[in-house]
Amino acid sequence: MSVSEPNPAVSVASGDAADAVATSASMSSAVLTGLGWKVATVLVSDVTRIGVAVVLARLLTPTDYGMAGMAFIFSGLATIFSDLALGGALVQRREISEDDRSTVFWAALAFSFVVAGICIALSPFVAEFFGRKEVEKLVIVLSLSVPLSALTTTQVALLTRRLAYRSLEIRQMAGILAGAVAALTFAAAGFGPWAIVANSLVASAVSTLLVWRFSTWRPRFVFSFERLRDLSGFGLRLFGIRLMNYASLNADNTLVGRFAGASALGVYSLAYNVMFTPLIRIANPISSVVYPALARMQDDLPRMRRAWLRSKRLSASLLAPAFLIALVSAPDLVPVLFGEKWHAAVPVIQLLAVAGVAHSLVTLNWTVLQGTGRMKVAFRLGLLVSALTVASFAIGVHWGVVGVAAAYASIKLPVVLIDTYVTTRAVRFSFREALLAGGSILPHALLAAAGAWAMRIALSDLGAPPVVRLLVVVATACLLYAALLIVAAPGYVADAREVLGQRIRWLARPLPGPIERHLARAGTPEDRPRSGWHGYRPTALQRQLLQIALGDPDTAMQAWRSLPEMFSLDDLEPGSFELMPLMYRNLAAAQPEDPELPRLKGIYRRSWVKNNLLLGRTSEIAETLRDAGIPTLFLEGPTYAARFYGDLGLRPTSSVHLLVPASAVDRAAVRLARRGWTPRPGSGAYPGWRLLFDRGGNICVLRSSVAFDYLAAGDVPAEEALWSAAERQPVGDTEVLVPGPTDALLTACVAGARYGPLPPTQWLTDAVMILRTAELDWDRLIDLAVTHRQHLRLRHALGCLLELPVPLPEQVAYAHAWLAQRRPSRRDRLAFALSSGRLARRGGLPHALAELVAATAGESLVRTTARLPGHLCNRWSVEHRWQLPLAAGRRMFDAARRA
């Protein structure tokens with residue numbers, strides 16, 4: 001079971017940490033730059049696309065749209081074949097050579113001419129399939145787009161690798177504008193479907209010319225079959241995924257065009273374009289920017305998880321309301337923008353919008369699989385999703401375009417669950433976190449849509465014209481949604497402003513004072529404690545303060561200077577305030593003239609004085625219990641500051657934690673009461689712990705167990721291993737027993753990493769300081785965690801440590817990886833969920849249930865349930881089972897009174 005290396009654990013060098021911070025900063029800057037240019041493209045292209053779409057819809061008929069759609073189904077498939085996804089392989093590789101670049105260029109170009117020739121040869125059969133002779137010429141002309149697309153494969157991949165979004169987006173905007181001019185010219189001249197074809201070809205040609213203008217790379221006459229085979233391993237899987245995605249996205253068009261005709265396909269195409277405009281204009285830009293960034297992070301899964309979840313939250317918070325606005329406004333949107341001849345598109349738009357809301361939850365799933373190179377998983381997932389989607393289309397086409405749209409909406413929710421489960425399992429992320437990243441926004445979007453729908457009904461009853469209804473309904477939905485987010489989900493607003501506000505200046509402008517303060521307090525959704533073990537994970541501000549406290553001086557100084565403008569030492573909650581002495585030490589070494597340093601120095605001195613006084617009380621406690629013959633093991637407290645911090649002032653605390661045998665707890669409490677340590681109401685609510693207080697406000701935590709769910713293995717007491725490996729430490733004139741470093745780390749993770757209304761930081765700093773200052777026995781650590789059924793808790797605690805922006809020994813990652821491979825039983829997962837607060841907030845009943853579930857491992861659920869009354873009687877000191885409801889009511893009343 002060994003996870004340790006032959007050499008002792010050593011911290012990552014500070015230089016490496018600085019490089020990592022610099023890399024992270026540059027990556028964040030590049031992603032923000034990319035998002036800024038993507039937003040600029042959206043603003044330019046959307047105005048252009050909407051204007052062109054409205055004009056073309058009024059100039060062309062549904063039949064014209066349908067015939068162009070038939071041609072694009074086949075030509076779009078041909079474009080996918082043009083480069084075999086080799087460009088994606090260039091982006092994904094960490095390093096590429098000139099042979100790679102030139103080989104991809106010539107292979108894509110040569111294959112594109114083959115594909116174009118096949119298109120031309122098959123064009124008569126395509127026309128015959130759809131029953132429209134005119135489609136043959138459209139397909140022939142559109143086949144020119146295949147070589148044009150292949151000419152940009154390598155250049156676009158190289159610009160993407162460099163994160164050169166400015167060049168990529170300028171050529172995109174120019175192509176869109178040129179295509180729009182061509183489309184309007186052809187439509188006004190009466191060329192029907194050729195206007196749509198001209199739009200695509202001209203946009204592609206202009207885009208190709210500009211990408212060659214912006215890219216400095218030129219192909220050489222080099223070709224390597226070896227490099228092609230190597231790249232095609234990734235590229236072919238990516239190509240297969242694209243092919244399946246294309247099949248699932250175009251099977252509906254094919255079926256409608258074949259069985260319902262060109263006019264029905266025109267209606268469906270318009271509806272589909274309206275519905276998927278939010279997807280194309282919001283999700284695709286985010287995905288294209290996030291993908292290369294995730295590819296760079298593929299060796300740092302915790303960092304990738306944070307970036308992925310944040311991107312999913314941002315994407316879903318924009319997509320879900322956009323789809324719902326399309327659903328509510330469709331009855332007015334269609335006649336106002338496109339004319340009454342398109343009225344058949346209204347129900348189709350509404351049904352497809354329902355599918356779009358579900359799709360907003362999985363928009364970046366494929367991106368993380370591609371970014372981590374898990375193309376086999378992505379391929380199999382794509383195959384399953386495509387099969388389910390195409391099957392639903394085949395069933396729905398019997399009821400025309402409305403049936404196809406309804407089938408798509410009905411299959412989308414099961415597909416979302418399957419897609420998310422497979423993705424999170426492949427990259428070892430949390431399925432629940434992934435769903436909540438986007439799903440938690442849906443109630444707010446639905447409420448806003450419901451309010452807008454009620455407004456539309458009221459305006460219809462008043463006889464308002466469609467254009468007025470459209471404007472008012474859209475404005476109502478947007479305002480309601482913004483208000484709901486600010487009031488009920490401010491984290492989403494704060495997150496969006498933080499990401500987008502650096503590139504869209506007006507988003508970063510201060511809001512009215514109360515709103516700004518509300519958003520500042522809220523942080524991001526993942527920062528706010530929720531029911532669950534997230535309650536012991538640091539907030540965004542705490543992570544930054546931890547970097548200041550535990551990073552090297554240069555990194556600490558950078559993090560200090562980047563604190564929010566509203567940051568104030570006076571507003572810190574206790575968990576953050578505990579970091580002030582460590583922050584003082586780092587900042588004093590990096591910038592001794594900082595104006596806040598005197599205040600931090602005062603906090604440090606106060607901590608030093610208080611810990612010295614508490615160390616004296618520790619010596620008194622040790623002598624008192626020793627005289628009584630009570631074995632005592634001193635856990636966290638001022639002894640930690642002396643052992644692992646090397647300075648009593650660096651670890652603020654007001655408590656001393658003692659571990660005594662369970663049989664001696666009452667005797668120890670009586671002895672300590674004679675020394676001025678007395679209990680208060682509710683001090684015994686936590687199983688196995690008893691809180692005693694002195695007149696100075698200090699706390700003595702008298703513990704008979706490391707934690708209530710730290711279970712024994714067989715007949716040996718659970719804490720026996722801690723006693724056997726204990727070490728002696730001098731405290732004044734007295735020697736006390738303290739846990740060995742390995743046991744101290746386990747205790748910090750087992751007892752400290754638990755839910756709290758305010759995320760704590762002391763267990764994190766204790767763990768980091770133990771890791772940095774002591775040599776640990778990693779095999780023993782894991783053995784103890786597994787033996788005492790704490791492997792899940794240790795795994796999540798180590799994962800939390802790995803997410804901190806501070807250097808840690810590499811053995812932490814090894815141990816976490818080993819624990820992640822161990823599959824916990826359902827009983828283990830349930831016990832952990834109860835004890836950590838994931839299913840219920842902290843309290844006596846969840847703790848008692850967790851202890852029972854863990855203690856009865858291997859027994860049937862029926863037998864466990866039968867033991868519950870007796871277990872509660874023992875836990876709550878109740879003699880008869882009929883007294884349990886009264887005891888539960890009394891405990892609930894006491895808890896409410898304490899709150």
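Student: Which residues form the positive surface patch?
Tutor: R425, R823, R826 and R829 form it. Patch residues have over 30% relative accessible area and no salt bridge, with like charges joined within 9 Å and nonpolar side chains (Val, Leu, Ile, Met, Phe, Trp, Tyr) within 5 Å. Lys and Arg count as positive and Asp and Glu as negative, while His and the chain ends are not counted. The place of a charge is NZ of Lys, CZ of Arg, CG of Asp or CD of Glu.

Student: What kind of model is this, and how are residues numbered?
Tutor: It is a predicted model, where local features need pLDDT of at least 70 and side-chain atom pairs count only at pLDDT 80 or more, while totals for chains, interfaces and linings use all residues. Residues are numbered from 1 along each chain as its sequence is written, and side-chain values use heavy atoms, with hydrogens and water left out.

Student: Back to R829. Where does it lie?
Tutor: R829 lies in helix α35, residues 826–836. Helices (H or I, at least four residues) and strands (E, at least two) are DSSP runs, numbered from the N terminus. R829 has 42% relative accessibility and counts as partly exposed. Buried means under 20% relative accessible area, exposed over 50%, and partly exposed in between, with a 1.4 Å probe and protein chains only.

Student: Which residues form the nonpolar patch on the surface?
Tutor: V114, I118, L122 and F125, with about 360 Å² of accessible area together. Accessible areas come from the Shrake-Rupley method with a 1.4 Å probe, and for residues only the protein chains shown count as cover. V114 is in helix α4, residues 98–130, and is partly exposed at 46% relative accessibility.

Student: V104 is in that helix region too. Buried or exposed?
Tutor: V104, in helix α4, is buried, with a relative accessible area of 0%. Its C-alpha atom is 8.4 Å from that of L90, 14 residues apart along the chain.

Student: Salt bridges next. How many are there?
Tutor: Eleven. The criterion is a side-chain nitrogen of Lys or Arg within 4 Å of a carboxyl oxygen of Asp or Glu. One of them joins E136 and K133, at 2.9 Å from N to O. E136 is buried at 17% relative accessible area, whereas K133 is exposed at 62%.

Student: What about D694 and R617?
Tutor: Their side chains meet in a salt bridge of 3.4 Å, N to O. D694 lies in the loop between β4 (689–693) and β5 (699–703) and R617 in helix α26 (residues 597–627), so this pair ties together parts that are 77 residues apart in sequence. Both D694 and R617 are buried.

Student: And what does R651 pair with?
Tutor: R651 forms a salt bridge with E636, with 3.5 Å between the closest N and O atoms. R651 is in the loop between α27 (638–645) and β2 (655–659), and E636 is in the loop between β1 (633–634) and α27, so the pair ties together parts 15 residues apart in sequence. R651 is buried, at 2% relative accessible area.

Student: Which residues are linked in a network of salt bridges?
Tutor: D332, R456 and R469.

Student: Backbone now. What is the phi of R789?
Tutor: R789 has a positive phi of about 60 degrees, although it is not a glycine. Most residues other than glycine have a negative phi. R789 sits in the loop between α32 (778–787) and α33 (791–802) and is partly exposed, at 31% relative accessible area.

Student: Last one: how far is R306 from E803, C-alpha to C-alpha?
Tutor: The separation is 8.9 Å, for residues 497 apart along the chain. R306 is in helix α12, residues 301–337, and counts as partly exposed at 23% relative accessibility.
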